[in-house]
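The sequence and structure come before the account.

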Amino acid sequence: MKIWKYKLVEGEVLELPLVELLDVQIQNGEFVMWAVVSDNKHRISKVDCKFFMTGQEIDLDTLRHYDHKATLQDDMGMVWHVFIKVD
């Protein structure tokens, strides 16, 4: 197993041999995630993410099957809430 960093982009699904999601942060203006991944390429998980600003309207169905993973503040002082779904 290894720990790798992945760039998170809303609408782009990552496919990786996920063992455990460790952390989500903003680094150099981008959302990134660190995860423990396996060497077993046959055990692939799909990781999808959504980002919402504080006060943003959210449809309840939008977050179905997503879990809150982080609340982050960017360099401009905006507060973001990161939700991730793993299949």
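The text below goes from the overall fold to the core.

The model is predicted. The protein chain holds 0 helices and 7 strands, and its pattern along the sequence is β-β-β-β-β-β-β. A compact globule of 87 residues would have a radius of gyration near 12 Å, and the 13 Å of the protein chain agrees with this. Along the principal axes, the C-alpha atoms fill a box of roughly 40 × 30 × 15 Å. Among contacts between residues at least 6 apart in sequence, 58% join residues at least 24 apart.

Of the 87 residues, 36% count as buried. The accessible surface is about 5,900 Å², and carbon and sulfur atoms account for 49% of that area. The protein chain carries 10 positive and 15 negative charges, whose mean positions lie 7 Å apart.

In soluble globular proteins, nonpolar side chains tend to be buried together. Here the largest nonpolar core has 19 residues, of which L8, L16, V24, M33, V82 and I84 touch the most other members.

The most residues come from β4, which gives 4. Leaving aside residues up to four places away in sequence, M33 touches W4, K5, Y6, L8, L14, L16, L21, D23, V24, V47 and I84.

Key
Residues numbered from 1 in each chain as written. Predicted model: local features only at pLDDT ≥ 70, side-chain atom pairs only at ≥ 80, totals over all residues. Heavy atoms only, no water. Helix = DSSP H or I, 4+ residues; strand = E, 2+ residues; numbered from the N terminus. Rg over C-alpha atoms; globule rule 2.2 N^0.38 Å. Buried < 20%, exposed > 50% of the residue type's maximum accessible area, 1.4 Å probe, protein only. Contact = heavy atoms within 4.5 Å. Areas by Shrake-Rupley, 256 points an atom, 1.4 Å probe, with all protein chains shown as cover. Lys, Arg positive; Asp, Glu negative; His and termini not counted. Charge placed at Lys NZ, Arg CZ, Asp CG, Glu CD. Core = buried A, V, L, I, M, F, W, Y, C linked by side-chain atoms within 4.5 Å.
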